[in-house]
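Opening the notebook on this one.

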Amino acid sequence: MKVELRNLTKIFPSRNKKVGGEVIAVNDFTFTIPDGTLVGLLGPSGCGKSTTLYMISGLQKPSSGQIFFGEEDVTELSPENRGVGLVFQNYALYPHMTVKQNIMFPLQNLKGADKLTKDQMLERALEAAKLVQIDDLMDRKPSELSGGQQQRVAIARALVKMPRVLLLDEPLSNLDARLRLQTREEIRRIQKETGITTVFVTHDQEEAMSISDMIVVMKTGIVQQVGKPQDIYDDPTNLFVAKFLGTPPINVFKGNVAGGKLYIGGAAVLDVPGVSDRDVTVGIRPEGFNLDENGALVCELSNVEVMGRDISIVSKNEASLNPVIRSIINSDSKIDATAKTVKYSLKPHKVFIFDAKTEERIHF
Amino acid sequence: MVDSKQQWKAWIYLAPAIVLLLIFTVWPIINTLVMAFTEDYSSLSALGGKEFTYGIKNFQKVIEYKGFINCLKNTLLLCVLTVPISTILALVIAVCLNSIKFLQRFLQTIFFLPYVTNSIAIGMVFAAMFNIVGNTAADVQVVETVGIINNALGLFGIEPINWINAGSTYAANIAVMTVYIVWNALPFKILILLGGLQSVNKQYYDAAKIDSTPRIRVFTKITVPLLSPMLAYVVITGFIGGFKEYSSIVGIFGDKMGPAGDYGRLNTMVGYIYDSIKNHQGRASAAALILFGIIFIVTMINLSVSKKKTHY
């Protein structure tokens, strides 16, 4: 099912009447989620990604704008009639019911032509449980399950009624690191197997990058960039997006462009033909550095971390806006860890320059 | 764990409470036990140094006395009637209160007022509401009503009913007592259940909404089970309170415990104990132990039922 958001806006009235001022949680969000894809809504806390999800679910009404499921306008439809599955951040499993009862609960609400017999319900519940691999836990209570198992039950409960759209609110935030890796693969697999259009919310860029077909990066209610994970990583539209994606994070420098050359701290590090002279902010991905005896970018070497496959070099430069510069170099390269300075040349496609004021990307 | 050297400090802090408990709870309980098994006990002859024999004569006397059976019947009847009615009503009111925003605080206060009002005073108001003209044993005919209840019933064309005056029926008396006790018991139960409702995670309701759950099913399958610890609590304390019913009857019928012409008709267990204290302290103690036994058994049954039905 294709999901289309048109000029979606959510404004929360101010809680404190004296101070006044309303909060625009989501501002003019327009986006079409193609049928059968897994889309990640990514952004820092308070960027409006959960509000967007809740508006798709119907639990929150948009202040303006429209939501379409396929060709059907569901904007005014209550959550009961939207046919969505929602997995809550803390799962919201009914604590007094067994896993089986939890999964069967949505089926027991079906009415009219959709009404199922008890055997059909059991069969569907078991099917959903098998999909998320918890069919051996059917008689346990949620309190007797681990976080990851509860998560699966919540997904099974959302899937069992065959929703038109599956929504996941921070699905991995309550899991430990190892389980998080495993569960995100699992979500990917389940989504591929069922082919249900899925939207999930996360503040973890790695999570979003690793499993999404498409990412929507949001900041203060405004969509910053939409695209495939790799495309956004390789081609960020502004400094915020560049900084938000990637681990280790992008290295940011103060710089300027003069005569078609990019200068960082007085050194001409790159040719940038066609860019007019101005102050810029320069972003360089950690993998965008080459060790080079003749490199123009000279940094003060502080630490070398060998990680087997790669070498991570921590260095300092006065023009850097981050406390340290972190570069990742193939371990084939040799570096003298006792040296005072390290010299880099740059890979042009890993260097992004942004207008110092607007922070918008300047292409070169 | 407290360091063993520091334990004396803990005991010092506990001492005031322990001393008070020993004097005002433990010692009276022991005395009650002793008196219940002491035959022909009286505090005057005890002071005179009389030697008593011990046995179960007090218990036999209590059980053989037909007034006691009447007290037991009244107490049980009132318990069985008022606890379920007040619990269900309180649940409905609490759910309604919880689902409104406008006037919620105001109505919460209104519903809580009976709790802070003296039950004798409430009883007198109820007595006035259910009253009719004429209050002597000879005046058995319902001539004209002045009570608001009969006036209200009159609007629907119902003949005035003699609720509590001389010549009233037992059923009418019990009906009045049930209304009064339920009304009196509501505030505490509403308070507890409302507190429980407000601590229920709202996401369960959001989840139910997403799954198109009908409202009645949300109530029976989500609200009630999640409230079950509070429900168990109000039922258990309701039964305990019900078995100790006394002041409510005094409030409406006076300390004669019944309508004029049939005094003692509505006497309860606690009423019997209170009446016996003057002349038969042994029997009063025995009756108190019997009451304790009944409350104990009923509470145990309540607990074992709620253990199966409650989800903590």
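This is a predicted model: local features need pLDDT of at least 70, side-chain atom pairs count only at pLDDT 80 or more; totals for chains, interfaces and linings use all residues.

**Salt bridges first.** I counted salt bridges between chain A and chain B and got 1. I then looked up the partners: the side chain of A:Lys161 pairs with that of B:Asp211, at 3.0 Å from N to O.

**The A/B interface.** How much area do chain A and chain B bury between them? I get about 1800 Å², with 59% of it on carbon and sulfur atoms.

**Helix 2 against helix 3, chain A.** I moved on to helix 2 (residues 99-108) and helix 3 (residues 118-131) of chain A, whose axes come within 9 Å and cross at roughly 125 degrees. Angles from 65 to 115 degrees would be roughly perpendicular and those over 145 roughly antiparallel, so I'm noting helix 2 and helix 3 of chain A as oblique to each other. The crossing of helix 2 past helix 3 in chain A is right-handed.

Which residues meet there? From helix 2 of chain A I listed A:Lys100, A:Ile103, A:Met104, A:Leu107 and A:Gln108; from helix 3 of chain A, A:Met121, A:Leu122, A:Arg124, A:Ala125, A:Ala128 and A:Ala129. Sorted by type, the residues of this helix 2 to helix 3 contact in chain A come out as 8 nonpolar, 1 polar and 2 charged.

Technical notes
Residues are numbered from 1 along each chain as its sequence is written. Chains are lettered from A and ligands numbered from 1 in the order in which they are written. Side-chain values use heavy atoms; hydrogens and water are left out. Axes are lines fitted to C-alpha atoms, for helices over the stretch in contact, and angles run from 0 to 180 degrees between N-to-C directions. Helices (H or I, at least four residues) and strands (E, at least two) are DSSP runs, numbered from the N terminus. Angles under 35 degrees count as roughly parallel, over 145 as roughly antiparallel, 65 to 115 as roughly perpendicular and the rest as oblique. A crossing is left-handed if the near helix is turned anticlockwise from the far one by less than a right angle, and right-handed if clockwise. Contact means heavy atoms within 4.5 Å. Ala, Val, Leu, Ile, Met, Phe, Trp, Tyr, Cys and Pro count as nonpolar, Asp, Glu, Lys and Arg as charged, and the others, Gly among them, as polar. Buried area is the accessible area (1.4 Å probe) that two parts lose on being put together, summed over both. A salt bridge is a side-chain nitrogen of Lys or Arg within 4 Å of a carboxyl oxygen of Asp or Glu.
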